[in-house]
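I opened a new model today and kept notes as I went. The entries follow the order in which I looked things up.

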Amino acid sequence: MNKPDFTAVSDVLKSEIARLGGPKVQHLLTLQKIWPSIVNSDIAAHTHVSQYTNNTLTITADHPAWLTELNLMKGELLSILRSKCPQIAVAELVFRLGKMR
């Protein structure tokens, strides 16, 4: 009797991500995952990575005060992003006001 073939869940997910959006989606997922390590815990609690399109990373904050803080840190955040993820071209950061997920 033959044993059934099994595929690792990680392989299935990688395949589906590639099928649905390819590198663009993978980059967005990577950026969402590392965002909390780029900013402090207070900022991470009030912001999230919401979009990555045309080398522009959009960060959503839940209060205007956090938008001000992010804008003051923009250059530093870009530098950290580029050093932590050199394989992802982030040319611009855009901050917007919105609801947390």
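**Hairpin and turn**

I started with β1 and β2, which form a hairpin with two residues between them; Asn-54 in the turn has a positive phi of about 50°. I note here that the model is predicted.

I then looked at the two loop residues one by one. Asn-54 is found in the loop between β1 and β2, and its phi near 50° is a positive value in a residue other than glycine.

Asn-55 comes out at 35%, and I logged Asn-55 as partly exposed.

**Strand pairing**

I went on to the bridges. β1 and β2 run antiparallel and are joined by six bridges. I wrote down two of the pairs: Thr-53 is partnered with Thr-56 of β2, and Gln-51 is partnered with Thr-58 of β2.

Which way do β2 and β3 run relative to each other? They run parallel, and six bridges join β2 to strand β3, residues 92-97. On that side I noted that Thr-56 has Glu-92 in β3 as its bridge partner. The chain gets from β2 to β3 through α4, and this β-α-β crossover is right-handed.

**Inside β2**

How many residues of β2 are buried? Five of the six are, so β2 is largely enclosed by the rest of the structure.

Thr-58 lies in β2, which covers residues 56-61. Its relative accessibility is 10%, and because the cut-off for buried is under 20%, Thr-58 counts as buried. Leaving aside neighbours within four places in sequence, I listed the contacts of Thr-58 as His-48, Val-49, Ser-50, Gln-51, Val-94 and Arg-96.

With a relative accessible area of 1%, Thr-60 is buried. I found a polar contact of 2.8 Å between the side chain of Thr-60 and the side chain of Ser-50. Not counting residues up to four places away in sequence, Thr-60 touches His-46, Thr-47, His-48, Ser-50, Arg-96, Leu-97, Gly-98, Lys-99 and Met-100.

**Helix α2**

Next I checked the length of helix α2, residues 23-38. At 1.5 Å a residue its 16 residues should span 22 Å, and the end C-alpha atoms are 21 Å apart, which agrees. I also recorded a bend of about 30° at Gln-32, with a proline, Pro-36, following within four residues.

Which residues of α2 are buried? I have Leu-31, Ile-34, Trp-35 and Ile-38 as buried in α2. The elements covering the buried residues of α2 include β1 (47-53), β2 and α4 (64-84).

**Helix α4**

I finished with α4, the helix of the crossover between β2 and β3. Where is the kink in α4 centred? It is centred on Lys-74 and amounts to about 65°.

The buried residues of α4 are Leu-67, Leu-70, Met-73, Leu-77, Leu-78 and Leu-81. Their cover includes α2, α3 (41-46), β1, β2 and β3.

Definitions and conventions: Residues numbered from 1 in each chain as written. Predicted model: local features only at pLDDT ≥ 70, side-chain atom pairs only at ≥ 80, totals over all residues. Heavy atoms only, no water. Buried < 20%, exposed > 50% of the residue type's maximum accessible area, 1.4 Å probe, protein only. Contact = heavy atoms within 4.5 Å. Expected span 1.5 Å × (residues − 1). Bend = angle between axes of the 7 residues up to and from the residue. Pairing = 2+ DSSP bridges. Right-handed = clockwise from strand over helix to strand, strands pointing away. Polar contact = N/O pair within 3.5 Å; in protein donor to acceptor, adjacent residues only side chain to side chain.
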